Amino acid sequence: MANSRNKNNDTGIADIGDNYAEKYGFHDPEEYFHKGAKGINHKVVEMISRMKKEPDWMREFRHKALDIFLSKPMPKWGNTDLLNAIDFSDIYYYIKPIEFQGNKWEDVPDSIKKTFDKLGIPEAERKFLAGVSAQYESEVVYHSVKEELKKQGVIFLDMDSGLREHPEIVKKYFGTIIPPADNKFAALNSAVWSGGSFIYVPEGVEVKIPLQAYFRINAENMGQFERTLIIADKGSRVHYIEGCTAPIYTTNSLHSAVVEVIALEGAYIRYSTVQNWSHNVYNLVTKRSVAHKNATIEWIDGNIGSKLSMKYPCIYLVGEGARGEILSIAFAGDGQHQDAGAKVIHSAPNTSSKITSKSISKGNGRASYRGLVKIYPQAVNSKVSVECDALLIDDASRSDTYPTMEVDANNVKVEHEARVSKVAEEQLFYLTSRGLSEDEAKLLIVNGFIEPFTKELPMEYAVELNRLIELEMETSVG
Amino acid sequence: MNTITLDKKKIEFRDKIPNEPEWIYGARVKAWDYYTSSPLPDRAQHLWRYSDPSNFLFEKPERLIKPFPQKSHSNLFRVKLEGEQNNNIIIKDLHSAVAENSDLLNRYLGKAIGGDFGKFEALNFAAWQEGLLIYIPDNTIIERPISIQWEFPKNDFLGRLLVVIGNNSKVTIVDNYSSHPNNKTAMLNNAVELFADDNSEVKYINIQNLSMDSRSYLTQRAQVGAKSKLSTFFALLGGKTSKLDIGTIIEGEGSEALMSGFLLADNKQQFDVHTVHHHKAADSNSNLDYKVILKDKACSSYTGLIRIEQDAPDCEAYQENRNLLLGNGVNSRSIPELEILNQEVSCSHGATMGPVDPEMIYYLNSRGIPTTDAERMIIEGFIEPTFNEIPEEPKELIRRLFFGKLEGEENGR
């Protein structure tokens, strides 16, 4: 009941905003934002919720989440130096589309423009990616897709519209997989989220083409605090693609998304993403999924950009016979720390999972694999295999592996393997003896190294990713 | 700390533990201050994720600062060294060594596990009650193992072992821990430091067979010079709650560090083992093989780190942790870690967890071997390669303890 007043006095925040205008003296919320307010407090959260005309339960959800965010300490693990350098009072938590478009093409750094050139990104798309245009002209393509989906009963909207148009589904699932109290950044996202995707696939429906965040023509889908919710009902199938291989330029220094994915009995969900934020961005993301009985979830997760990424896609296998797979690559160039990994939690019998992680460190880049495999006593006959491969390109590069395995059942099979090496001399020798330059040979080897990942991407992405790796490698081997 | 309080504190230590050289009072005071001023380790820190640090506290630790009763020395440890005539070898209790070999101790004591290593190590350094020095001079080859048999007292105890091995020397040390028969719930905090100079070959074998109700906290570090080979072996059998932090730091080029061992836990025993192989020098190799066998409701966590520094190229490092889960209520944790700061490496690790493979049982059954025998054969196959890392002499003892405990005899007795 999204529109009913849901007063819950237990929370202590029930009356926030009831006499909003008098209390805070804002008569024109838009004007307030037009001035641009940095920092976070209950006023900002109230403003976001009011501007979006959200139901009370969501407004209260946001306020509660903010309290959690404010009370939670910074994580004490990972790259604490970089984490503690975040100044939460120096960040815009909500920017109206109108301001978002206010950036100028001239302000976009040359390095980003050059990359667009080399990747061959169309002009219109460039401006969108650089954050100077809110629109990406794909209306024609999108239109036919939209018709097709509508016929099948598939809901594919941005999260804000999803909440407006399908409040009953959103309320049932929103925040159930990643509650605000999960971690500090999930709490922050829960308080100030904006944009993201909302997908519901009805029972038995198979979505033939991959759904791409691109198709949603919405200024807010590039937000800092995206919130994505995907529900695949019984026996349905869907592939969702988020992000793209071209660098995304933004002046915002913090990106903190929350992604919740739910596969009901027998459903199949694949979530593919390649993040390539510009190198000034903190990418602190919580992604988690739940696989019910005989359901399958696959994360295909690429990390190329950002200054610091902390991202560990997670699968809870809660139904008998559920299956999960996480395939990830991380490329850490100069000044970057990719702290990425994967988590699988087995809590039902006969579940299986597989994690494959590949990382490349060059320059003084640092790639870390941080993972968790947890098997509860009831998850009998479960199988897990984890494989981590790391490639070091320079003497200054660093690679870390921090897997954690917690097994509380005895009739299970858990295997973990990790390797760290440089580009093999013999391979280089062989390729150079065939007339390739050393640079070309190295590039070929690196592309071969990540091939298990690229072959899982749709062709156009795979091609772009290879070109991107070529670009990233150029500075090191050139 | 100003000089007046420092001197005052030194005098307090001097009153309690007389006849030590001046430098050691200063070091004890510093360590004591570190111990009292540092908080209990944070459970969020990964090495403490699976152990409650308060398990390893002493009641009234200030009472421990006293010379250990001299009379009981003879029961505390026995050292056996056969067929060796080199007069320059030093084997003596640590109090005597502090007084008589002050220069040597000043150079080595606490240099690998010092008063600021951690809270529990600081307590040990400030208040160790008794210990042993083994000094093997340059160019000394000792064929038969030096064996140390400890019988830890029935009360809480802080002990240390310091081993210094010179250039071109070769030695095997068997360090055997057992408890006083009346020991019930005592806490043992031990520190083992090994320094192996260039071109040396050292084997250190630690057998922990403490009473089943005791708690223990062991820190071991070895520092290896150039072109040396250092192997350590840890057999963990006893104790109710045991935490170990063991490792080798390769300081010289061209050296090799090996570590292997097992823990066999039953009932509600808890083990928390942390291993380190730290490559600080080029062209060095390390290999680690740690096996875990859990019965009943036993609990084990293993955290193993390989770290290769940026200025240590051409290293090879391998690590394997295999867990055999025999009981229905066991908890097994494994965190093999790699921190590689150099591209000129070859490095890998692996971890497995699972029960005795039912397919293997099936195969042996089909050959007419009953399930109980088949299981035993598979467990033997699992552990035997690890036993082969042990020199002949302690091997039989360790094998006997292992199978004794596997079949349910307490402490293999």
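This is a predicted model: local features need pLDDT of at least 70, side-chain atom pairs count only at pLDDT 80 or more; totals for chains, interfaces and linings use all residues.
**The interface between the chains**

Begin by colouring chain A and chain B separately, and then select the residues where they meet: 35 residues of chain B are in contact with 33 residues of chain A. The size of an interface is often given as the accessible area lost when the parts come together. For chain B and chain A this buried area is about 2,700 Å², with carbon and sulfur atoms giving 44% of it. Across this interface there are 17 residue pairs in polar contact, and β17 (331-340) and β18 (345-354) of chain B each supply at least two residues of the side that touches chain A. Sorted by class, that side of chain B has 14 nonpolar, 14 polar and seven charged residues.

Next, select β18(B) together with strand β19 of chain A, residues 413-422, and you will find two strands that run antiparallel and are joined by eight bridges. To see one such pairing, pick Ser421(A), whose bridge partner in β18(B) is Ser346(B).

**Salt bridges**

Side chains of opposite charge can pair when their charged atoms come close. Four salt bridges are found across the interface of chain B and chain A, and over all chains the count comes to 44. Show the side chains of Asp42(B) and Lys76(A), which form a salt bridge whose closest N and O atoms are 3.0 Å apart.

Now move to chain A and select Lys358(A) and Asp389(A), where the closest N and O atoms of another salt bridge are 3.4 Å apart. This pair links distant parts of the chain, since Lys358(A) sits in strand β15 (residues 352-361) and Asp389(A) in strand β17 (residues 383-392), 31 residues apart. Lys358(A) counts as buried, at 11% relative accessibility, and Asp389(A) is buried too, with a relative accessible area of 13%.

In chain B, look for Asp245(B) and Arg221(B), whose side chains meet in a salt bridge of 2.9 Å, N to O. Asp245(B) belongs to strand β11 (residues 241-250) and Arg221(B) to strand β9 (residues 215-224), so the pair ties together parts that are 24 residues apart in sequence.

Finally for this stop, select Arg366(A), Arg398(A), Asp400(A), Arg307(B), Glu309(B) and Glu339(B), which are linked in a network of salt bridges. Within it, Arg398(A) and Asp400(A) have their closest N and O atoms 2.9 Å apart, and both of these residues are buried.

**An enclosed helix**

Select residues 184-192 of chain A, which make up helix α12; nine of its nine residues are buried, so the helix is largely enclosed by the rest of the structure. Among these buried residues are Phe185(A), Leu188(A) and Val192(A), but also Lys184(A) and Asn189(A).

**Two residues of chain B**

Go to Ser301(B), which is placed in strand β15 (residues 299-308) of chain B and counts as buried at 3% relative accessibility. Its side chain is joined to that of Asp272(B) by a polar contact of 2.9 Å, and the residues that Ser301(B) touches also include Tyr50(B), Phe271(B) and Arg333(B).

End at Lys154(B), found in the loop between β4 (146-152) and β5 (157-165) of chain B. Lys154(B) is partly exposed, with a relative accessible area of 46%. Although Lys154(B) and Asn182(B) are 28 residues apart in sequence, their C-alpha atoms are 5.8 Å apart in space, and the contacts of Lys154(B) also include His180(B), Asn183(B) and Ala186(B).

Notes
Residues are numbered from 1 along each chain as its sequence is written. Chains are lettered from A and ligands numbered from 1 in the order in which they are written. Side-chain values use heavy atoms; hydrogens and water are left out. Contact means heavy atoms within 4.5 Å. Buried area is the accessible area (1.4 Å probe) that two parts lose on being put together, summed over both. A polar contact is a pair of N or O atoms within 3.5 Å; within protein, one must be able to donate a hydrogen and the other to accept it, and residues adjacent in sequence count only if both atoms are side-chain atoms. Helices (H or I, at least four residues) and strands (E, at least two) are DSSP runs, numbered from the N terminus. Ala, Val, Leu, Ile, Met, Phe, Trp, Tyr, Cys and Pro count as nonpolar, Asp, Glu, Lys and Arg as charged, and the others, Gly among them, as polar. Two strands pair if DSSP finds at least two bridges between them. Buried means under 20% relative accessible area, exposed over 50%, partly exposed in between (1.4 Å probe, protein chains only). Lists of a residue's contacts leave out its neighbours within four places in sequence.
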